[in-house]
Amino acid sequence: MNLDDRDVEILEGRVRRSLATLDRVAVPALSSIDRRRPIAASPLMRGAAILATAAVTIVVGLAIGDRLNALRGDQAASERTAPAVPSAGYGFFEVLPSATDPGNGTVSGVALMDELGRQLMPAIDGLIQAKTSPDGRYVALWLSGPQGFELRVLDGIKRSLGPAIFSTTERFTRVNEAMVWASDSSAVLVSTTADDTANSAGAIRANLRAIDRSTGTVRSLVTYGAFTFEPLGWDRVKASVLARATTASSGGKSLYLHVSDDGSGATSVQEVDDTPVIANDAATYVASSPTCILSSCRRFIIHEASTYSVVAQIDLGSRGDPLTNTSANWAVLFRPRSSDVLVYFSRTGKKGVFGIELYPDGGRGARRDLGDLTVAPRSDGTITSPNAYFRADGSAVFYVHPNDSSGKSWSGDVIDPATGTHLPANAGAIRATVLVDAAASGGSPGPTPTEVTACAHASAVYGGTLVGAFTVTAGDLALQDETRNGPSGPRLPRSAFRDYLADTPIVLCYFDGPIAAPGGPPPISPATFRPYDRFGVAVDPSDRIRLLVAGHRDQIAVAPRMP
């Protein structure tokens, strides 16, 4: 039987899929943000704004620097304390519910969504693999097309899909995960081969290439002969790529490799007695699974990446069922932007109950039990193992399972790693996480003096504390306004921003604080009333102010787009 390499069922592939390392988890999709029609300021209010502008400009100008610097300074803390609730600041590359599998290992209808379930970009077809950058902003996409395969990069904050920066007819090197980012998010590694990967025996020549994200420059790092070859991480500080290889389809050796990233081909190879699985974002630690022969095998191993020396062993003891290489009931992965290790596993003697634990500092920190997830059996009595999927900055983890054999509907919990709090989660099939808010990414440089002045007019009218400002064109806003509810949602026949020339600069201002705007119908018990605490306005060159939206901080992203 002649099989495509993406469908080859080998031991390594089963192990990798069982680890659920970032390609099948779900997130909740909630109702859309409350919206209000733009409201023009009254003459009296505009008069007050003009009189107060000078004073407010000074106040806002002084306050905004401190406010935004504080936001950036608290970024590391926010990664640990951000609430584990759906937010407009975070997004996912997700298979649309109506999408169908073409049957050739690719996915049709995959689109960028925010955590509230709103589609932010048109869908694309032909996805084979998606991999999130360490900074959380970009997703590397490996796509199939008529001429072969290509690498493209999605920018979550700019909502843009770049052109192909690498194209080839070569296939992945008998692995499901053949891409990895540089630790500084500047480039992507891809492992491909021109050899036949559908056979069940024989070595292939793996071509490891580095592709620069900005320029598309392609550098060949090494060609290596093995049965499988997979990049694990890329430490830009030490100029070293981590990889693993196997020498045969069964009974072969497990190899751990260091490849120089200077293109010299320099490679060091170490035979190891376990299976390297995944590296953290900085490529300083590697997690592995032991070669499990005896039923008492119940541990994960954490290695220092440079030497492969053991720094920690995570022993499940009697808490978890034995691990086997063919089991899908366990996994190990690193928390984004850290060395924290997450493990999950089947609870001993408890059918359908899965445990989740977090170990800080490369597995050396004290165990933090994040609770259990119970999966109800299907009608035939089978239990489907859940998967874990970290938010792009590590501030929450989704632990969910498919509801039926189609795999398009997932449910489970979203968990706060800091407190262990669980909330219900429902979603579709997620391929990668990504930041969609400049403030959440820590990448916003802060408002310009012109933006501060424009926003001061709005603050004089509506009050609030300025938390972000962006200049966009009227044409861009009009297009967003007319399409923001998606192809099947309600839409404006003509946006008010069409009244301006397309290149007219419009300043979007975001404020935190109370605002006198309707809060919607009374909440249904046991929910409680939540007063609005964030709003966004648009200010044109003539200082006309439009209130665009009033709502809540966890639903309105501070970003350069129509809220």
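I started with an open sheet of four strands, ordered β17-β18-β19-β20, with antiparallel pairing. For the record, strands here are DSSP runs of E with at least two residues, helices are runs of H or I with at least four, and both are numbered from the N terminus. Two strands pair if DSSP finds at least two bridges between them. The edges are β17 (274-279) and β20 (310-315), each pairing on one side only. On average, neighbouring strands in this sheet are turned by 30° against each other, direction ignored; axes are lines fitted to C-alpha atoms (for helices, over the stretch in contact), and angles between N-to-C directions run from 0 to 180 degrees.

Ground rules, before I go on. This is a predicted model, where local features need pLDDT of at least 70 and side-chain atom pairs need 80 or more, while totals for chains, interfaces and linings use all residues. Residues are numbered from 1 along each chain as its sequence is written, and side-chain values use heavy atoms, without hydrogens or water.

I find D274 opposite P290 in β18.

Next I looked at β15 (residues 254-260) and β16 (residues 267-272), an antiparallel pair with six bridges. L255 faces E271 in β16. The hairpin has six residues between its strands, and G263 there takes a positive phi near 85°.

I stayed in that loop for D262, which lies between β15 and β16. Is D262 buried or exposed? D262 is exposed, at 53% relative accessible area (exposed is over 50%, buried under 20%, partly exposed in between, with a 1.4 Å probe and protein chains only). The D262 side chain makes a polar contact of 2.7 Å with the side chain of S260, and another of 2.7 Å with that of S264. A polar contact is a pair of N or O atoms within 3.5 Å; within protein, one must be able to donate a hydrogen and the other to accept it, and residues adjacent in sequence count only if both atoms are side-chain atoms. I also noted S240: 22 residues from D262 in sequence, 8.7 Å away C-alpha to C-alpha.

R209 sits opposite S220 in β12. Five residues separate these strands, and G216 in the turn has a positive phi of about 80°.

Then the cores. I take a nonpolar core as a set of buried Ala, Val, Leu, Ile, Met, Phe, Trp, Tyr and Cys residues joined through side-chain atoms within 4.5 Å. Which members of the largest core, with its 34 residues, touch the most others? They are F300, I302, V341, L342, V343, Y344 and Y399. Leaving out residues up to four places away in sequence, I302 has contacts (heavy atoms within 4.5 Å) with several residues, including Y285, V310, I314, F334 and V341. Apart from this core lies another, of 27 residues, with M121, F398, V414 and A429 among them.

Last, sulfur. With a disulfide taken as two cysteine sulfur atoms within 2.5 Å, I count one. C455 and C509 form it, with sulfurs 2.1 Å apart. The torsion about the S-S bond is about -90°, so this disulfide is left-handed. The pair links distant parts of the chain, 54 residues apart: C455 is in helix α5 (residues 449-462) and C509 in strand β31 (residues 505-512). Both cysteines, C455 and C509, are buried.
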